[in-house]
Amino acid sequence: MVIESIQTQDSRYIFLRNLTGGGQGRIALYENAETHQTVAIKFPILADSLYTARFLREIKVMERIQHPNLVKYIDFCPDPMALIMEYIPGETLESRLRSQQPTFTWSDAIHILKQLASGLALLHEQSIIHRDIKPANIILKPNNIPILVDFGIVATTTILTPPGNIVGTLAYVAPEAYSFIENDPTLQADPSLQAEVPIRYNRQLDIFSLGIVFYEMLTGKYPFSSLLNHLKAEYVRASQVVPNLPQGLDDVLKKMLATQPEYRYFNLNLLQADLAELLATASPKDISGSDPLSEFIKRLGDCQDSNLEEIWP
């Protein structure tokens, strides 16, 4: 059902078109009737107590968090219940990875990861866990500036999930969230089923999910070939998939995708420090994938009657 207009205490928003829908809500594009600013408005898909509680939690988290790499809160409407957010034009990282030319240079991947880690670190400092980090929840603005969206299942580190349902996207959750699956043939046969697991959420869960995203950016491939590989965090090293990657990237991934959470990065500040060191110590050839001087000589040899400006712009 389309809601033609939304009235908050300060503004009125006019419906433009539907955008998308997720597991926790549907999103539509609206325009502020006075300022003509376009915004994204999210509505809960169900009115039961669980979804309502999660929706209100999402609003409270977004209201108090401000970061350039996290989607921005604008307003809230109590009736109909709606969350007004900034509208971010751009493609999702998932769409980029599935495109014909999805690859990033490893330095591009690091710059994207550093920005995401910075935004997540702010959440973690306030004991908030995103719980659904995946390419579909990352929008790329121009110049590969990532924006993390969809806070529909955020949790605090004090929440202990009751038995019933894994919260998050199964392909991106950490092995400890799967611990009960090994003895459940039904769940083994159908990974799309969502089941609950009594675990306490912490930042290492987000770090593991972010590690999968980083691996996909570096290689264009999902790291795990089976559920068993996922449970054991067994994957082909990124440097074996993409030649000439700095070994330090394998070391970073090892600490993001460790099977046991205690062997992952303790926090995202440590990850950012390792990434900064990798960029600082890399040669121009490492970053660009070619040696500028060698490339110049090659192009000079390939040209006979050209001036230098044509050879080396």
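Select Asn-267 and Asn-269, at the start of helix α9. A side-chain oxygen of Asn-267 comes to within 3.1 Å of the backbone nitrogen of Asn-269. The model is a predicted one, and every distance on this tour is computed from it.

Which residues of α9 are buried? They are Leu-268, Leu-271, Gln-272, Leu-275, Leu-278 and Leu-279. Look down the axis of α9: its buried residues fall within an arc of 120°, so they line one face of the helix. Glu-277, Ala-280 and Thr-281, on the other side of α9, are exposed.

Keep Leu-271 and show its surroundings. Leaving out residues up to four places away in sequence, Leu-271 touches Leu-113, Ala-117, Leu-210, Val-252, Met-256 and Tyr-265. Now colour the largest nonpolar core, which has 64 residues. Leu-271 is among those with the most contacts inside this core, together with Leu-210, Phe-214 and Met-256. Another core, of 12 residues, lies apart from it; Ile-6, Tyr-13, Tyr-30 and Cys-77 are among its members. As background, nonpolar side chains tend to be buried together in soluble globular proteins.

Trp-106 is in helix α3, residues 106–125, and is buried, with a relative accessible area of 6%. Draw a distance from the C-alpha of Trp-106 to the C-alpha of Leu-279: the two atoms are separated by 9.8 Å, although the residues are 173 apart along the chain.

Next, select helix α5, residues 203–219. Its end C-alpha atoms are 25 Å apart, which agrees with the 24 Å that 17 residues should span at 1.5 Å a residue. How many of the residues of α5 are buried? The count is 16 of the 17, so α5 is largely enclosed by the rest of the structure. At the N-terminal end, Asn-202 caps α5, with a side-chain oxygen 3.0 Å from the backbone nitrogen of Gln-204. Just after α5 comes Gly-220, which has a positive phi of about 75°.

Stay with α5 and show the aromatic rings. The model has 7 aromatic pairs. Phe-208 and Phe-224 form one that is stacked, at 6.1 Å centre to centre with 5° between the planes. Phe-208 lies in α5 and Phe-224 in the loop between α5 and α6 (227–232), so this pair ties together parts that are 16 residues apart in sequence. Both count as buried: Phe-208 has 0% relative accessibility and Phe-224 has 7%.

Now select Tyr-215 and Tyr-235. Their ring centres are 5.6 Å apart and their planes stand at 80°, so the pair is edge-to-face. Tyr-215 is in α5 and Tyr-235 in the loop between α6 and α7 (238–241), so the pair ties together parts 20 residues apart in sequence. Tyr-215 is buried, at 3% relative accessible area, whereas Tyr-235 is partly exposed, at 22%.

Move to Glu-58, in helix α1. Is Glu-58 buried or exposed? Glu-58 is buried, with a relative accessible area of 1%. Its contacts, not counting residues up to four places away in sequence, are Lys-42, Leu-83, Asp-150, Phe-151, Gly-152 and Val-154.

The last stop is His-67, in the loop between α1 (49–64) and β5 (73–78). At 11% relative accessibility, His-67 counts as buried. Its side chain reaches the backbone nitrogen of Asn-69 at 3.0 Å. Show the neighbours of His-67 to finish: with residues up to four places away in sequence left out, it touches Lys-72, Gln-115, Ser-118, Gly-119 and Leu-122.

How values were computed: Residues numbered from 1 in each chain as written. Predicted model: local features only at pLDDT ≥ 70, side-chain atom pairs only at ≥ 80, totals over all residues. Heavy atoms only, no water. Buried < 20%, exposed > 50% of the residue type's maximum accessible area, 1.4 Å probe, protein only. Helix = DSSP H or I, 4+ residues; strand = E, 2+ residues; numbered from the N terminus. Arc of directions from axis to C-beta. Polar contact = N/O pair within 3.5 Å; in protein donor to acceptor, adjacent residues only side chain to side chain. Contact = heavy atoms within 4.5 Å. Core = buried A, V, L, I, M, F, W, Y, C linked by side-chain atoms within 4.5 Å. Expected span 1.5 Å × (residues − 1). Phe/Tyr/Trp six-rings, centres within 6.5 Å; stacked < 30°, edge-to-face > 60°.
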